[in-house]
Amino acid sequence: MILGSSLRPIAWLLCVLTLEGCVTGTSSMARFRFEAMESRCTGPTIEQLTALPALPVLPGSDEHSPDDIIQLSPASSRLAKLLGLDRALRDLSALQQDQAANAGPSSEFLWRNKQIMDRISLASFDVVSTVTELDCEEARSDHVADGLTELRQDKQERGLFLALVGDALIGVVAGSLSLAGKATAAAANAILGGVLATGLGGAATIFLSVDHEFLHPRNHLAELSNAKEFSPLFPDSVWRYLTTSPDPSEETIRDELLRRWERDGRLGAPGSEDARRRETLLLGAGGTYDIRDLRVRSEMLNHLKSAVLQMGQDLNALMYELMAAQYPLTAMGEAPQ
């Protein structure tokens, strides 16, 4: 009877602390609930951009010899071909040679040069639009993962506080019983306290994992996992850059990314249950994510974003090479005549 009455304060305290933990967890999750369920990364601009048809190859003549084309680096030549600038560049080169015999550039030369530069500028904006959405989705994953990490930390701190307070109260009750001459009750209380503390520690470990529903209907990772000619999520120029091989014997950027993720185990061990679960989660429209899954998604989006940014660097190099080829004297620091 004494044992039962002595344990009542402990039981009430445990109930109060547990209920307080549940309420605190719910209020903490409300901070990132909207971010997890709805994406604000998709704007009208990128949706309109990816809905537009691919730009045609710029018109030009095929009568020029290969020597007539402006000399570019391998990376710039590949990019010019992807953007449909081949024939236009041959025309520009021929017009540039004719320009040397004339007093200045012809209107046709200026018009052709403007077409090429406009196409390169548009591809640059395609890169910016794509990177903006990828960066937003990456930040969205990190934000929810950070919120779940804070929630887990709160659970850890509450569990530690609960164990310490419970252990202290059990010691107080056991000591009181000993002083009252209730040695058997004190021993039983101490044993019960040990079992209770062990149970609390085990429960804290079991319920330490936190997860949350996370949706991503516009899934760029899923697009990359399927080989196709066009993508509704990527501008045409960016998609061709990712999926076109510079040489039949070489991998595409898309292939390299997929191989890297498989090698690093981003989707889990091949053929395992975890791999099937994560593949369905990451390459689908969303589901229940834990912190680790969200971090993996964020890292994969970061790798994809870096690949798209590489296109921006190649576009920059192509622009410099074309300008240097058109104005060789200026490029060498000499004033044009």
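Lysine 305 and aspartate 135 pair up through their side chains in a salt bridge, 2.7 Å from N to O (a side-chain nitrogen of Lys or Arg within 4 Å of a carboxyl oxygen of Asp or Glu). This bridge ties together distant parts of the chain, with lysine 305 in helix H12 and aspartate 135 in helix H6 (residues 107-179), 170 residues apart; helices here are DSSP runs of H or I with at least four residues, numbered from the N terminus. Lysine 305 is buried at 11% relative accessible area, while aspartate 135, at 37%, is partly exposed (buried is under 20%, exposed over 50%, partly exposed in between, with a 1.4 Å probe and protein chains only).

The model is a predicted one, where local features need pLDDT of at least 70, side-chain atom pairs count only at pLDDT 80 or more, and totals for chains, interfaces and linings use all residues. Residues are numbered from 1 along each chain as its sequence is written, and side-chain values use heavy atoms, leaving out hydrogens and water.

The whole structure holds 20 salt bridges. One of them joins glutamate 273 to arginine 276 at 3.0 Å, N to O. These two sit 3 residues apart in helix H11 (residues 273-282), so about one helical turn separates them. Glutamate 273 is exposed at 55%, and arginine 276 is partly exposed at 45%. Elsewhere, Arg260, Arg263, Asp264, Arg266 and Glu299 form a salt-bridge network.

As for packing, helix H9 (residues 236-243) meets helix H12 (residues 291-326) at about 105°, with axes 10 Å apart; axes are lines fitted to C-alpha atoms over the stretch in contact, and angles run from 0 to 180 degrees between N-to-C directions.
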